[in-house]
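Subject: Structure for your review

Dear colleague,

Please find below the structure that I am handing over to you, together with its sequence. My notes on what was found in it follow.

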Amino acid sequence: MNIIEELEWRGAINQQTDEEGLKAYIEDNKISLYCGVDPTGDSLHIGHLIPFMVLKRFQLAGHRPVILIGGATGSIGDPSGKSEERNLQTMEQVENNARKLASQMENLFLKEKDADFRMVNNYDWTKNMTLLDFLRNIGKRFNVNTMIRKDIVASRLETGISFTEFSYQILQSMDYLHLFENEDVRLQIGGADQWGNITSGLELIRKEAGADTKAFGLTIPLMLKSDGTKFGKTAGGAIWLDPEKTSPYEFYQFWLNQNDADVVKYLKYFTFLSKEEIDALEEKVATEPEKREAQRRLAEEMTTFVHGEAGLQDAQTITDALFQGNIADLSAKQIEQGFKNMPGSTMPKEANNLAVWLVDAEIESSRRQSREDINNGAIYVNGQRIQDVDYEISSADAIEGKYIVIRRGKKKYFLVTIEDA
């Protein structure tokens, strides 16, 4: 199947401006296409990945992706999906965020040897444009009546929208025109909420280059979970690509814990597995759901794609250690990943009776309960069961002299950090 047919099979197409025209163009040409992201934060999260996975598929099919970092558009704010004005960031914040997002994009799009890939920042072609040039050369091309009918603006008219955010679609349209003229970009990809901005860009290109110009737009469906809620959000917040915000272990666990009702859809959308491989995993979901093979494969593919083989190995090592209780096999760095969000406390290096130490560390409520749990075999120190009420615990028990992991019962874990001083 060609790239468009594959995207349709994967459920990755919402709207196209010219479906037949795009198919015909791709059959005869290597197409340059772009997707943009505004640097409103210092990391992408998995919701941002949705359109970029499509961009990556085009790259793997031999086409040329162009990624736009919105240093200019990010400084004013996209009104899409917002009921009120964004708080403007300083240009220093925007520039810092842009550098970090660019690094993450390079990690995703420069994996293959000799990868054909281009990254641009729209601040570069807007920073020297004067207000009069903008109004005369670009603003003159836009009809306000048409602009306010776009969904992205119409949804804000009742609550109000500033001229700053109203002008966003003009700037994004100018981006498409610039990339068309300077990078031969013929296709813009975006989320479903970007349809109005994309079509505005196409209208501008055709006003400048002619009504028959070959240029296209494609949007991605809004991704919802089987329960109707938005994909990518958890009780703990967003799932980030930055390993300092969401560790590879947490990232792996997110995908591993997907519902049977969602996992095949995510395999189609987020992995590069073939139709045959995904069909086989779908059969496993139907016949042997308890094995969770589809979820495991999804977690492996996504963690490798974002964090590499080393990130996957760390995530799997931590997962296996927690499942089997082999905590002592973990490094301090892996302990930090796996136990980052678990209850914890800080204790001094000095040795102490375990029963007393557990109370001081706020793991047990009383010395009587502490001794009882030790006697009953409910206390594990770094995965090793301790049943000696006279056991002396100290920094010698700490992994790399830093962490002691206590398990009470079957599932209650506590991370104790040993003080340096």
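**Helix α13 and its surroundings**

On the face of α13 turned away from its buried side sit the exposed residues Glu276 and Ala286. Please bear in mind throughout that this is a predicted model. The helix covers residues 275-287, 13 residues in total, and spans 18 Å from its first C-alpha to its last, close to the 18 Å expected at 1.5 Å a residue. Its buried residues include Ile278, Leu281 and Val285. Viewed down the axis of α13, the buried residues fall within an arc of 60°, so they line one face of the helix. These residues pack against α1 (3-9), α12 (260-270) and α14 (293-324).

The loop between α13 and α14 holds Arg292. Its phi is near 50°, a positive value in a residue other than glycine. Arg292 is partly exposed, with a relative accessible area of 30%. Arg292 is also one of the residues touched by Gln258, the others being Tyr266, Gln295 and Leu298, when residues up to four places away in sequence are not counted. Gln258 itself lies in the loop between α11 (248-256) and α12. Is Gln258 buried or exposed? At 7% relative accessibility, it counts as buried, because the cut-off for buried is under 20% relative accessible area.

**Domains 1 and 2**

The protein chain is divided into domain 1 (3-220), domain 2 (233-324) and domain 3 (339-418). The centres of domain 1 and domain 2, taken over C-alpha atoms, are separated by 29 Å. Contact between the two involves 22 residues of domain 1 and 23 residues of domain 2. About 2,000 Å² of area is buried between domain 1 and domain 2, and carbon and sulfur atoms give 68% of it. On the domain 1 side, Trp9, Arg10 and Ile46 lose the most area to domain 2, together 35% of what that side buries.

How many salt bridges are counted between domain 1 and domain 2? The count is one. Lys245 forms a salt bridge with Asp42, and their closest N and O atoms are 3.2 Å apart.

**Helix α10**

Helix α10 runs over residues 195-209 and has 15 residues. From its first C-alpha to its last it reaches 21 Å, close to the 21 Å expected at 1.5 Å a residue. Its buried residues are Gly196, Asn197, Ile198, Thr199, Ser200, Gly201, Leu202, Leu204 and Ile205. The elements that cover them include α7 (151-154), α9 (168-183), β5 (185-191) and β6 (216-220). Just after α10, Gly210 takes a positive phi of about 115°.

**Val405 and Asn382**

Val405 is placed in strand β14 (residues 403-408) and is buried, with a relative accessible area of 1%. Leaving aside neighbours within four places in sequence, Val405 is in contact with Ile327, Ile335, Phe339, Tyr380, Val381, Asn382, Tyr413, Phe414 and Leu415. Between Val405 and Gly344 there are 61 residues of sequence separation, while their C-alpha atoms are 9.1 Å apart in space.

Asn382, one of the contacts of Val405, lies in the loop between β11 (379-381) and β12 (384-385). Phi of Asn382 is near 50°, a positive value in a residue other than glycine. Asn382 counts as buried, at 10% relative accessibility.

With kind regards

Conventions:
Residues numbered from 1 in each chain as written. Predicted model: local features only at pLDDT ≥ 70, side-chain atom pairs only at ≥ 80, totals over all residues. Heavy atoms only, no water. Helix = DSSP H or I, 4+ residues; strand = E, 2+ residues; numbered from the N terminus. Expected span 1.5 Å × (residues − 1). Buried < 20%, exposed > 50% of the residue type's maximum accessible area, 1.4 Å probe, protein only. Arc of directions from axis to C-beta. Contact = heavy atoms within 4.5 Å. Domains from an automatic or database assignment. Buried area = accessible area lost by both parts, 1.4 Å probe. Salt bridge = Lys/Arg side-chain N within 4 Å of Asp/Glu carboxyl O.
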